[in-house]
Amino acid sequence: MPELPEVEQVRLSLERHLPGKQVEGVEVFVPKMVQHPDLTAFCSGVTGQVFGTMERTGKYLRLNFVSGDYLLVHLRMTGALLVAPKGGERPPFSRLGFYLSGAEDLWFSDIRKFGTAGFYHPADAPDPGYAALGPEPLSPGFTAEYLRGKATHKTCRLKSFLLDQHVIAGLGNIYADEALFEAGLRPRRRVDRLRRKDWPILVEAVNRVIAQGLLHHGTTFRNYQDAEGHMGDNLQYLNVYHRRGMPCRRCGTPLKQITVGGRSSVYCPHCQR
C-alpha cells in the first residue's frame, strides 16, 4: 500500500498537471470505488469543476476545486492516479476516468479495486477515516510526549500501535519496520513496556525513515508509481523490510520475519533488542 512518502509524491506530480484544468466529463467503470455521495451525484458534482490546490493528509489525497468542493481519494493497496495524453489508450486497470480540458486526462487505475474516491462539499460530514487521523511524522504534533500519551493503558504490540492511523497518519508496513530497526526496538515489544527514554528515540526514527522515503520519491516494489508514471527509488535504502533471511546491513545477522497483528514484520535479532 502506498504510504505517506508515496502519496506525497503522487500529490507533487498531480500539482504539475491539474490546477486550472476543468473536468468535462466523468466515467466510472467500477461503481463500488465511489464512496460518497451516490454515483449519479458524484458524476454530476465533479463535472464542470476546476481543479485548484492538491493536499495530502496521511495516505489520503484531497484534490481541491476552486469552488471549495473537493475529491477525497485513498489509493489503498494498488491504486494510482495517472495523467495520460488524450486520444491514447487509457492506462491498464483504469477504474475511473476524469476527462479534462487541455491535452491530458486523469485516470484512477487500481488492479485490486480497493481504492476509493468521494466528492464532498465543504459542509458535508467528512469521511470518518479521514476525520480521525492522528498527526503525521515530521509535524509539530508528533512528539515523544504525544506518542507516550497515546500508549497509556495500552498493552498492544509496538508494530500494531505504529500502524494505527488514529495514532500516526501515513505510517504503514514498510516505514514501521524501518523505524523499529532504526530505534532498535522489536515489533512484538509491548507498548506499556517501553521506557521513557525509548519514546524520543522512536519518534526520531519514524521521522528519519519518512524523510528518507520523501527524499527518494517513495518505495516501489511492484505497482506504485506517481501521476507521471515514475517509480520511487527508496527500495535500495531499506534496511529490513522485504529482506527476510538476508544479512543485516549493520551486523550481518540473518533477518527474521514474524507476524504481528496479522501483518508481516522483518527485524534484526541482534540490533533490535
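Modeller: Let us go through some of these words one at a time, with the cut-offs beside the values. This is a predicted model, in which local features need pLDDT of at least 70 and side-chain atom pairs count only at pLDDT 80 or more, while totals for chains, interfaces and linings use all residues. Residues are numbered from 1 along each chain as its sequence is written, and side-chain values use heavy atoms, with hydrogens and water left out.

Colleague: How do you know that the span of helix α7 agrees with its number of residues?

Modeller: Helices here are DSSP runs of H or I with at least four residues, strands are runs of E with at least two, and both are numbered from the N terminus. The expected span is 1.5 Å times one less than the number of residues. For the 18 residues of α7 (residues 198–215) that gives 26 Å, and the end C-alpha atoms are 26 Å apart, so the two agree.

Colleague: Which residues of α7 are buried, and what covers them?

Modeller: Buried means under 20% relative accessible area, exposed means over 50%, and partly exposed lies in between (1.4 Å probe, protein chains only). In α7 the buried residues include Trp199, Leu202, Val206 and Ile210. Their cover includes α1 (4–15), α4 (144–150), α5 (158–163) and α6 (173–183).

Colleague: What makes glutamate 8 and arginine 56 a salt bridge?

Modeller: The rule asks for a side-chain nitrogen of Lys or Arg within 4 Å of a carboxyl oxygen of Asp or Glu. The closest N and O atoms of glutamate 8 and arginine 56 are 2.8 Å apart, so the pair meets that rule. Glutamate 8 lies in helix α1 and arginine 56 in strand β3 (residues 51–57), so the bridge ties together parts that are 48 residues apart in sequence. Both belong to a network of salt bridges that also links Arg11, Glu15 and Glu136. By this rule the model has 14 salt bridges.

Colleague: Why is lysine 159 called buried?

Modeller: Its relative accessibility is 0%, so lysine 159 counts as buried. Lysine 159 forms a salt bridge with aspartate 177, the closest N and O atoms being 2.7 Å apart. Lysine 159 is in helix α5 and aspartate 177 in helix α6, so the pair joins parts that are 18 residues apart in sequence. Aspartate 177 counts as buried too, at 1%.

Colleague: And why is methionine 77 called partly exposed?

Modeller: Its relative accessibility is 38%, so methionine 77 counts as partly exposed. Methionine 77 sits in the loop between β5 (70–74) and β6 (79–85).

Colleague: What makes the link between threonine 219 and tyrosine 175 a polar contact?

Modeller: A polar contact is a pair of N or O atoms within 3.5 Å; within protein, one must be able to donate a hydrogen and the other to accept it, and residues adjacent in sequence count only if both atoms are side-chain atoms. The side chains of threonine 219 and tyrosine 175 make such a contact at 3.0 Å, and another, of 3.1 Å, joins the side chains of threonine 219 and asparagine 234.

Colleague: Is threonine 219 buried or exposed?

Modeller: Threonine 219 is buried, with a relative accessible area of 3%. The place of threonine 219 is in the loop between α7 and β10 (256–260).

Technical notes
Contact means heavy atoms within 4.5 Å.
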